[in-house]
Amino acid sequence: MIDTFKQALPATIATDRLLLTTPVLAHVPEMAVLANNQRIYQVLSRLPHPYDESHGRFFVETIARGPEEFAWSILREGAYIGTIGLHLLPDRLPELGYWLGEPFWGQGYATEAALAVVAAAKATGLVPALRSRALLDNAGSRRVLAKAGFVQTGEGLDPDGTLKGERMALVELEFAS
């Protein structure tokens, strides 16, 4: 099921202002600059800190389109500004995750990218819903998820990663059949 879903997702998605595309090594230098930010690290459970180009290369070469991930680089006017993707685990709904470089916060890019990925996932017809999560005190991310159609279904503790034990808002977006 996961492999079929991954094969149905588009490698590239164009929106009004953004291009979501396969992460490549050319994105790594800017990825490392933007991701090496304590404010980003504090809200993501799977991003190391400090973040350098070796982390970016590992992400591009191993994780981005690996067995449990389908990620896109977010480009604005050809420049890398962040990453969005779906974390894919057996017997679980795909989980939307994303991050943007701090200079690009508050401009609607995360919402635009999230809406595009939600539409692409829905268009496959292969999953009934998506899930996501955000720290309870991360109002910006919670707003992005709400604008993308996600509804809070509960709260919980992050089970692993750098945010293990932190209180999270659990959200889900069901696709109408």
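The questions and answers below concern this structure, which is a predicted model.

Colleague: In what order do the helices and strands follow one another along the protein chain?

Modeller: The protein chain contains six helices and eight strands. Read along the sequence, they follow the pattern α-β-β-α-α-α-β-β-β-α-β-α-β-β.

Colleague: What is the radius of gyration of the protein chain, and what does the globule rule give for its length?

Modeller: The C-alpha trace spans about 40 × 35 × 30 Å along its principal axes. For 177 residues the globule rule gives 16 Å, and the value for this chain is close to that, so the chain is as compact as a globular protein of that length. The radius of gyration itself is 15 Å.

Colleague: What percentage of the residues in the protein chain is buried?

Modeller: A residue counts as buried when its relative accessible area is under 20%. Applied to the 177 residues of the protein chain, buried residues make up 46%.

Colleague: Which residues have the most contacts inside the largest nonpolar core?

Modeller: In soluble globular proteins, nonpolar side chains tend to be buried together. Here the largest nonpolar core has 51 residues. Its largest share, nine residues, comes from helix α5, residues 109–124. The residues with the most contacts inside the core are Leu20, Trp72, Ile84, Leu86, Trp99 and Phe150.

Colleague: Which residues does tryptophan 99 contact, leaving aside its neighbours within four places in sequence?

Modeller: Tryptophan 99 is one of the residues with the most contacts inside the largest nonpolar core. Leaving aside neighbours within four places in sequence, its contacts are Met31, Leu34, Ala35, Ile40, Leu44, Leu47, Ile74, Tyr80, Gly82 and Thr83.

Colleague: Against which elements do the buried residues of α2 pack?

Modeller: Helix α2 covers residues 28–35, and its buried residues are Val28, Met31, Ala32, Leu34 and Ala35. Among them, Met31, Leu34 and Ala35 are in contact with tryptophan 99. The buried residues of α2 pack against α3 (38–41), α4 (53–63), β4 (79–87) and β5 (95–100).

Colleague: Is phenylalanine 104 buried or exposed?

Modeller: Phenylalanine 104 is found in the loop between β5 and α5. Not counting residues up to four places away in sequence, phenylalanine 104 touches Leu34, Ile81 and Tyr109. Its C-alpha atom and that of isoleucine 81, 23 residues apart along the chain, are separated by 7.0 Å. With a relative accessible area of 17%, phenylalanine 104 falls under the 20% limit, and therefore counts as buried.

Colleague: Which residues does glycine 85 touch, not counting those up to four places away in sequence?

Modeller: Glycine 85 has its place in strand β4. Glycine 85 is buried, with a relative accessible area of 4%. Its C-alpha atom is separated by 17 Å from that of alanine 32, which is 53 residues apart along the chain. The residues that glycine 85 touches are Phe70, Ala71, Trp72, Glu95, Leu96 and Gly97.

Colleague: Why does aspartate 158 count as buried?

Modeller: Aspartate 158 has its place in the loop between β7 (151–157) and β8 (167–174). Not counting residues up to four places away in sequence, aspartate 158 touches Ser45, Arg133, Leu163, Lys164, Gly165, Glu166 and Met168. Buried means under 20% relative accessible area. Aspartate 158 counts as buried because its relative accessibility is 3%.

Colleague: What is the phi of glutamate 77, and what is that of aspartate 91?

Modeller: Most residues other than glycine have a negative phi. Glutamate 77 lies in the loop between β3 (69–76) and β4, and is exposed, with a relative accessible area of 72%. Aspartate 91 is found in the loop between β4 and β5, and is exposed, with a relative accessible area of 84%. Both phi values are positive: near 50 degrees for glutamate 77 and near 60 degrees for aspartate 91.

Colleague: Is the peptide bond from histidine 49 to proline 50 cis or trans?

Modeller: Most peptide bonds are trans. Proline 50 has its place in the loop between α3 and α4. The peptide bond from histidine 49 to proline 50 has omega near 0 degrees, and is cis.

Methods. Residues numbered from 1 in each chain as written. Predicted model: local features only at pLDDT ≥ 70, side-chain atom pairs only at ≥ 80, totals over all residues. Heavy atoms only, no water. Core = buried A, V, L, I, M, F, W, Y, C linked by side-chain atoms within 4.5 Å. Buried < 20%, exposed > 50% of the residue type's maximum accessible area, 1.4 Å probe, protein only. Helix = DSSP H or I, 4+ residues; strand = E, 2+ residues; numbered from the N terminus. Contact = heavy atoms within 4.5 Å. Rg over C-alpha atoms; globule rule 2.2 N^0.38 Å.
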